[in-house]
Amino acid sequence: MQFIDLQAQYRHLQARIDGRIAKVLAHGHYILGPEVAELEDQLAEYVGVKHCVTCANGTDALQLALMALGIGPGDAVFCPTFTFFATAEVVPLVGASPVFVDVDPQSYNICPADLRARIAATIKTGKLTPKAIIAVDLFGQPADYAQLSAIAEEFGLLLIEDSAQGFGGSLDGKRAGSFGHVATTSFFPAKPLGCYGDGGALFTDRDDLAELLRSLRLHGKGQHKYDNVRIGLNSRLDTLQAAILLEKLAAFPAELTRRNQVADAYHRAAEGKFGLPLVAPQFTSSWAQYCLLSEDRTAVMERLKQAGIPTAIYYQTCMHQQSVFKAGIGEDEHFPVAERLAGQIFSLPMHGYMSNEELQQITAAISA
Ligand SMILES: *Cc1c(COP(=O)(O)O)cnc(C)c1O
């Protein structure tokens, strides 16, 4: 059994994906070929925003967002401490400073009350200018954008949605990728919508921001490729990856349905035995990960391994505990929810092609 069975997905889509790849090899436009624009149109439509700008990976997408929004030295960027490293990594890359925020015990997403407290503390200390929030749609569930938008407006902050894991989730009928001033996602193979290598994208309704992002991803181009008007990156999505993603996007709604069936079955089997991931009524999740909590995590994971079921831990280490960041954390800064999650969380296999037999094997093992 695979933790994420990409081979099962390929077997299902093989003829279509192979056909798309062959077309790219035949036309030869490997960089920013027609499939890239076709994919950007389809992704923008799926998410429900005006513009999608693809790029090389989800980390670059975040960095490009910060660059486009003019975030730099002296700026405080608030982000959850319980996330993948890239969310925080991009902040010092543009010269700004991350300020870590604890997460909500139900959704595991950035806690609005703690965010307010950290903004107030940053203003009081006076060393940094509060500038932006990067909210993460952790494990597939969008963050609480109703509350986050209100806080961003109140304090004049920019809001960035890191939807590397959230693509396919929704809040009040609006899809992940449509929240904040700009949103980002990743097409790393293990994400809900993944390609066969690295890939990423940004989403925005703002025309000026989309144009700036298109310049920044291509060496700061102006009127044409060899007219450089600003400092940018080389960060494009390969045409081959766009071609693969076009076929995967077509299959994505059915995969999302299956992922939710798997999550429902896990939920029933684990109820009363483990801490469960809770999706609030107005939210849906794309289940990038299905995670349980146990005070006895090591023993549970070993028992599942004996039953032939692979598991993984996302994440053992919070951002405020990472060696590169911990020196900057004050003695009076505490993150009790994130630290408890890091000590108890583990993930079960999750993908859109899980067979009934596999699902039954897993639910039997977790309810045993
Ligand atoms: C995967 C991930 C990223 C980075 O995406 P890459 O494509 O691997 O660069 C950023 N943020 C979160 C929350 C992620 O899970």
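The model is predicted, so local features need pLDDT of at least 70 and side-chain atom pairs count only at pLDDT 80 or more, while totals for chains, interfaces and linings use all residues. Residues are numbered from 1 along each chain as its sequence is written, and side-chain values use heavy atoms, with hydrogens and water left out.

**Helix α2 and helix α8**

Helices are DSSP runs of H or I with at least four residues, strands are runs of E with at least two, and both are numbered from the N terminus. Helix α2 covers residues 34-47 and helix α8 residues 239-270; their axes come within 8 Å and cross at roughly 25°. Axes are lines fitted to C-alpha atoms, for helices over the stretch in contact, and angles run from 0 to 180 degrees between N-to-C directions. The two helices α2 and α8 are therefore roughly parallel (angles under 35 degrees). On the α2 side, the contact (heavy atoms within 4.5 Å) is made by Glu-35, Val-36, Glu-38, Leu-39, Gln-42, Leu-43 and Tyr-46. The α8 side supplies Thr-239, Ala-242, Ala-243, Leu-245, Leu-246, Leu-249, Phe-252 and Leu-256. By class, 11 of these residues are nonpolar, two polar and two charged; Ala, Val, Leu, Ile, Met, Phe, Trp, Tyr, Cys and Pro count as nonpolar, Asp, Glu, Lys and Arg as charged, and the others, Gly among them, as polar.

**Two buried residues**

Buried means under 20% relative accessible area, with a 1.4 Å probe and protein chains only. The table leaves out contacts with residues up to four places away in sequence.

| Residue | Helix | Relative accessible area | Contacts |
|---|---|---|---|
| Glu-40 | α2 | 6% | Cys-52, Val-53, Thr-54, Arg-214, Arg-217 |
| Val-90 | α4 | 0% | Thr-59, Leu-62, Gln-63, Leu-66, Ile-134 |

The side chain of Glu-40 also makes a polar contact of 3.1 Å with the side chain of Arg-214. Such a contact is a pair of N or O atoms within 3.5 Å; within protein, one must be able to donate a hydrogen and the other to accept it, and residues adjacent in sequence count only if both atoms are side-chain atoms.

**Helix α4**

Helix α4 spans residues 86-93. Its buried residues are Ala-86, Thr-87, Ala-88, Val-90 and Val-91. They pack against α3 (58-68), β2 (75-80), β3 (97-101), β4 (129-136), β5 (158-162) and α10 (323-326). Just after α4, Gly-95 has a positive phi of about 90°.

Notes:
Angles under 35 degrees count as roughly parallel, over 145 as roughly antiparallel, 65 to 115 as roughly perpendicular and the rest as oblique. Buried means under 20% relative accessible area, exposed over 50%, partly exposed in between (1.4 Å probe, protein chains only).
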